[in-house]
Amino acid sequence: MRPFDYQRPARAAEAVQAASANSMYHAGGTTVVDLMKLDVWRPDRLIDISGLSDTSYDFVQRKDGRLRIGALTRMSSLADNAMIRSDYPLLSDSLWLAASPQLRNMARLGGNVLQRTRCPYYRDTGYDQCNRRNPGSGCAALDGGVTRNHAVLGVSDQCIATYQGDWAQALIALDANVELLGKDGPRAIRFADLHRLPGDNPAQENNLRTGDLITAFSIPDKTWKRSKYLKIRDRESYAYALASAAVALDMEGDTVRDVRIGLGGVATVPWRASEAEAALKGQTLDEASATRAAQIAFSRAQGTQENAFKIKLGRETLVRALLETAQMEG
Amino acid sequence: MADNSKAAPAPKENMGQPIARYEARQKVMGGKIYSSDLPVPGKKAYAWMVTSTIAKGRVTGIDETAAKAVPGVLMIMTHKNRPALGDIASFLKGGMFVTDNNTLSGPTIEHEGQPVAMVVAETFEGAREAAHKLKVGYAAESPSATFESPGVTTRPMGEINPRYKPVKFKDAAAALAGSAHRVDAEYSTPIQHHNSMELYSTTAYWDDGKLVLHEPSQFVWGLRKGAAAQMKMDEDNVRVKSPFVGGAFGGKGAITVRTALAALAARQLKRPVELVATRAQGFTISGNRQETQHKISLGCDAQGKLTGYDHSMWEFTSRVTPYNNGGLDNCAAMYDFGAVSGQNYIVQGDRNVPNFMRSPAEVPNIYALESAMNELAAAANIDPVAFRKMNDTRVNVTNGAPYTSRSVNACWDAAAASFGWDKRNPEPGSMRDGDWLIGWGCAMATYPTQMAPSAAKIVLRKNGTALIEVAAHDVGTGCYTIAAQAAGERLGIDPSRITVQMGDSRLPPGPISGGSISTASVTSAICDGCDRLLTSLGLTADDAKASDSADRLAAALARSGRPVAEATGAWAPIGAPDDAIDRLYDGGLVFVGGAGEKRTMFAFGAEMVEVRINARTREIRVPRMVGAFAAGRIMNPRTAHSQYMGGMIWGMASALLEATEIDHKRARYTNDNIAEYHLAVNADIPDVDVIMVPEVDDEINILGVKGIGELSNVGTAAAITDAVWHATGKRVRDLPVTIDKII
């Protein structure tokens, strides 16, 4: 770990003021400290936001037709929130099924959505090739590397690293917004606009500007009691998804009035399966329609020899998630 | 469900008391009992290895400018300035080291993760920063990563091991040709790493020309001997302390590069130096279970009687030091095979040297054999348990040597009763529960009963307490406690009044803590020492067994006029060479056991598992496992239960989770961390039922103890793959069975 300047401001505005192109915000530290130890990240300043006290950033509230969640809320805290468990099971499930108890107790939600890929070629500076870590250097994964855990959706010829978070799939499915405090004051963006596809420039992973601090997440306040997060992995716990599906259903009898689908473990960014949703709306939800929706969701998927199984697994995961969610109490 | 509410199973016939290990409280409270916790004289400096990022080629240059500028950096060692070291040798060549080549010997890179430099600094963080700032230039060549990679070399085992003999018993090919049922199948097992909780650490300091090493070790006498030769010193001037080992599994038996690096740095800096390999570095400095491939033909007659067995096995190893397991001779002893042939091959590439890992030969070889047994039973339409029973044997058929004891059928009966095996519908895919496919599978567990010579010193004091000294090792198994139990029983003293000292090379020599030999070997030496002590006091075994044994000991000691009574026992197993004890005191290795010329010594078990596989997404879960084991005298049912349970969990993880991934182009391990190298977690193992089947074996050693540490993780994988087949109708023969292989 290289020397760095450390600040722990009390006010969010001070934090934003202190930020620069090579500074980083730090709360739970589960990603930042990890990548600093590996020498992948070399910030010259860490701005510890865990002590911000100008207002609370650790809250869950329903107000003015929106559900708002503070960015310093711990993963474990939201996962265990009774209202969330009852009215938004997918928000709770996706956190319970992530990481380990120790990590969930440390990690804050603002940082959670910005966790970085576990691509081994990104995490080890011993590999010369990584377009995400070192722009223009190539992609070791695509150049004969191990790709079993890599993405099949949203890939480019520059990068196929998977976005490995879980909670983000639920946020993108529920049309969440991200509240930011930036150098020019507060603003909000769609969660769907937070992350960037790798495209020609995998190193630019999101649309945050220098100094932008995530302060809260907001979700249109429509409850989704009939929702779930299904995560499929080799190991029962403490493992990243090979495929996951965040599904929320609004049913009228057997007919789909509204449906939301986020896909994880299979894409380079939090992934909304909008076309699959469109195909289901107004339809009877059954094995056939769910299978058709899953076909559509993965119609543009591209696998390598090692990860092509994720296309089938991703489809099966979505079908199962849809059918199991339909069985839930509305 | 197994009743897991009690940590201590009640002892049955021929079992000792289930007392809790003495250090249990310290372990759960985080007590400072491990090597790197030991105090050192003076302020420690911290070493960090810089390891190669290429697998083949050479170092072209090292730019130290930025690294040297890091505050607190004390030294940088590379192949250009590494002080001289004595020659070393791997196990294969009779030495104690992982490799045959000293570290930092030159610019040549033989495998990824090979140390190319060491940085030592005032702080751990400073050393790491400087290590990251060291700029190492490489000229890389295209490496051979694994089987099927271009450039690998395949050779029959005999070319590298002149003592190797292929297995040959009658005409297996002819027998197979005449079989009514026959299985021809190929199996493979992946690279795996030990991943003990405790990392590979060494703290070294020098005291008046003498070297002290604090290092977790499975063989402190061997480490002392090896380190002394490497540092060109007299053995008496080296001391190794390893009071407790935080998991070893074979990875802490051979000497790694880190020992010399820490010792050299401490000598040069004249202060203690601590070197801890990172988790990732541990993947390449201490070896691994190598990947294997197997080709098996197995046949039986119309009634299910085995006729012929042919087994070829390929194992991957290093180009420079071709460590290998072999081990097909043990497979050949397992059943009443009509005829057997077995051939071993090694395949060499640009990889670090593999190493012993919990049941090195048995885990892959028995997986392949037991899988073929299951497949043949299915082909012959015979229940797999009945099939094994009808092919049971009392002798190693290849040489006629009788088993000293073999209670595998009793294990099958116990396991089947607990599991409810009679309710199994043999038809694949027939046992479904809603969206979940259910499969039941079974396999035999086995491990050779091996032993080595050991010494032990016993001191009896006037206050009725005793001290045992032996340079054995507690790798997490409860060895201290068992040593006290053995002596307590032999002398007639409550074991809580006995202090045991282990894990220090100044103590009388004990065996390497490998091959599951410790309990059998150490308790035998302790018994010998206790017997000598009793004799020296004019007492007999009857006095020790008497209800007033403590009084008789005290009276005898008083009569003797001696301040304390002392005796040193030394024991060598049956079949050991005449000079076994001398070799023990020379820090050498003598192993006896398994499939011998005159007798066949193995422990056995029977394992049954249930898997549940989601019909759609195909994740495999193991809701319950039952294992019944018979291994001679059980010294302590509580610690034995833990070892058996841990072994079954290992076996399950080995079948479904554990595999080190390798980049085929670069020959580098890519999941060298415990987030992505999947060991089993609690959620994976809802119910493990361990049954200890009483067994008496008077022939093997003084107490009739068989090693159990490497028994219960053998065979589990074959039981699980059979259960996967039973659930899905699909045979997966390449481990681990992950979702991608059955979707």
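Across the interface between chain B and chain A of this predicted model, nine salt bridges are found, a salt bridge being a side-chain nitrogen of Lys or Arg within 4 Å of a carboxyl oxygen of Asp or Glu. One of these pairs B:Arg621 with A:Glu236, whose closest N and O atoms are 2.3 Å apart. Residue pairs in polar contact between chain B and chain A, both at pLDDT 80 or more, number 19; a polar contact is a pair of N or O atoms within 3.5 Å, where, within protein, one must be able to donate a hydrogen and the other to accept it, and residues adjacent in sequence count only if both atoms are side-chain atoms.

On the side of chain B that touches chain A, at least two residues each come from helix H3 (124-133), strand E27 (662-663), strand E28 (668-669) and helix H19 (739-742), helices (H or I, at least four residues) and strands (E, at least two) being DSSP runs numbered from the N terminus. The most is given by H3(B), with five residues. By class, this side of chain B has 12 nonpolar, nine polar and 15 charged residues, with Ala, Val, Leu, Ile, Met, Phe, Trp, Tyr, Cys and Pro counted as nonpolar, Asp, Glu, Lys and Arg as charged, and the others, Gly among them, as polar. The area buried between chain B and chain A is about 3300 Å², with 50% given by carbon and sulfur atoms; buried area is the accessible area (1.4 Å probe) that two parts lose on being put together, summed over both.

Within chain B, the axes of helix H9 (residues 362-379) and helix H18 (residues 716-728) come within 8 Å and cross at roughly 35 degrees, axes being lines fitted to C-alpha atoms, for helices over the stretch in contact, with angles running from 0 to 180 degrees between N-to-C directions. The contact (heavy atoms within 4.5 Å) is made by B:Tyr367, B:Glu370, B:Ser371, B:Asn374 and B:Ala378 of H9(B) and by B:Ala717, B:Ala718, B:Thr721, B:Asp722 and B:Trp725 of H18(B). Five nonpolar, three polar and two charged residues take part in this contact of H9(B) with H18(B).

Backbone geometry was also examined. B:Leu735 and B:Pro736 are joined by a cis peptide bond with omega of about -5 degrees, and B:Pro736 lies in the loop between H18 and H19 of chain B.

Residues are numbered from 1 along each chain as its sequence is written, while chains are lettered from A and ligands numbered from 1 in the order in which they are written. Local features need pLDDT of at least 70, side-chain atom pairs count only at pLDDT 80 or more, and totals for chains, interfaces and linings use all residues, whereas side-chain values use heavy atoms, with hydrogens and water left out.
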